[in-house]
Amino acid sequence: MANKDFLTIDDFDTDNKTVLVRVDLNSPMDPEGNILDDMRIKSHVTTIKELKNARVVLLAHQSRPGKNDFTTMNPHALLMSKYLGKEIKYVDDIFGTYARQKISSMEKGDVILLENVRFYSEESLERPVSEHETTHLVRKLAPLFDIFLNDAFSVSHRSHLSIMGFTNILPTGAGRIMEKEVTSLDLGKKGGGRPSIFVLGGAKVDDSMKVIEHVLSNNDVDRVLVTGVVGNVMLAASGVDIGKENMKFIEKQGYIDQIERAKKLLVKYNDKIGLPQDLALNDNNKRIEVGVDELASSNHPINDIGLETIVAYSKEIEDAKTVVLNGPAGVSENEEFALGTREIIKAAAKAIYAIVGGGHISAEVLNMGVENSFYHLSTAGGACIDYLAGEKLPGVEILKDVAAKSKSR
């Protein structure tokens with residue numbers, strides 16, 4: 001992790017300082033308000049433990065206005081207390097008198113979690129830093145802190161208030177999660193060794209196309225293997241009749257235009273893109289495997305890659321030194337169609353540098369209990385795919401800008 005172009009915890013003396021940390025604790029919740037997946041909550045424990053001699057104030061969000069799970073941060077504080085082994089005090093205020101009093105009365109080693117920052121309407125406005133700095137939230141909170149750390153990579157593709165607003169006012173750096181996300185995804189893109197392979201699946205076709213364009217045009221990777229809906233679009237672009245049912249699904253998802261985009265990629269990088277040879281269809285929840293040439297006569301939806309493809313892809317993945325997985329190979333939440341995703345995960349676990357881009361596939365790695373075989377599991381969804389696609393994330397770029405300014409002084 002040498003030669004970073006942003007500051008980290010290592011660059012600050014945090015002893016007896018008051019540190020504001022933007023974390024991402026946003027988690028799936030059931031209708032009763034119980035947290036269903038605590039991966040993100042667990043992930044920030046490392047950063048908080050390293051700040052044990054500071055007074056730590058956490059700023060986070062849960063969901064967004066209008067959603068059923070747009071709720072308080074109390075359940076998150078309780079869970080994080082369990083993983084940290086000490087109480088994290090929940091404060092049901094963001095920057096009012098009550099919150100400021102609680103912050104001012106903190107002692108060394110204390111950790112508090114402020115209320116859902118998205119309860120404040122200006123949080124989600126995407127604006128320049130100069131405008132964020134003038135908000136009540138920044139003006140009320142900034143004087144209480146010595147340092148600001150952004151540990152919320154998964155929200156850093158948005159120029160939101162809590163990501164950007166403190167960066168020009170307080171000494172600013174990255175928490176451990178932010179640091180690991182950026183350095184690990186850079187390694188994935190640039191290759192920790194060749195051959196380097198990306199395996200892209202899931203249903204976000206336009207996002208995956210951006211990634212393919214970026215990594216192949218820069219010669220960052222040797223091969224891209226496609227699965228999921230991304231694979232179906234690529235097959236259609238290659239001239240395969242994938243059947244009316246599957247074309248209807250692509251049209252319904254608004255991805256018909258992506259077929260033309262995929263055609264251009266196949267012409268330009270034909271030898272670098274691996275397509276499925278066979279697929280698993282869902283016939284009333286029964287797995288039916290067919291070759292790609294048999295798809296035209298079927299009315300069943302494609303729900304997974306087939307065994308021949310699993311074997312071929314697994315061999316390529318096992319022989320690679322660097323592997324990046326993003327998106328499941330099929331409908332992995334259905335046991336009948338989880339085989340492709342699981343076998344690809346098993347193969348990737350044998351690579352020297354295996355990195356998993358957030359969402360469903362990270363959850364599957366955790367369900368399988370093989371997370372320790374991977375170099376990095378991303379906590380991010382949209383931010384991860386944007387970063388892999390070469391887009392500049394506002395929350396990451398501002399950290400680099402701040403570091404450059406501090407070094408030039």
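How many bridges join β3 to strand β4, residues 111–114? Let's walk through the model and find out.

Before you start: this is a predicted model, in which local features need pLDDT of at least 70, side-chain atom pairs count only at pLDDT 80 or more, and totals for chains, interfaces and linings use all residues. Residues are numbered from 1 along each chain as its sequence is written, and side-chain values use heavy atoms, leaving out hydrogens and water.

**First stop: the six-stranded sheet.** Select β3-β4-β2-β1-β5-β6, an open sheet with parallel pairing. (Strands, E with at least two residues, and helices, H or I with at least four, are DSSP runs numbered from the N terminus; two strands pair if DSSP finds at least two bridges between them.) At its edges are β3 (89–91) and β6 (172–174), each pairing on one side only.

Now zoom in on β3 and β4: three bridges join these parallel strands. Click Tyr 90, and you will find Leu 113 of β4 as its bridge partner.

Contact means heavy atoms within 4.5 Å.

**Second stop: the three-stranded sheet.** Select β11-β10-β12, an open sheet with antiparallel pairing. Here β11 (286–291) and β12 (302–305) each have a single partner strand, so one side of each lacks a neighbour in the sheet.

Then highlight β10 (residues 278–283), which pairs with β12 over three bridges in the antiparallel sense. Look for Leu 281, opposite Ile 302 in β12. Finally, show helix α14 (residues 339–348), which packs on the sheet and touches β11 and β12.

How values were computed:
Axes fitted to C-alpha atoms, helices over the stretch in contact; angles between N-to-C directions.
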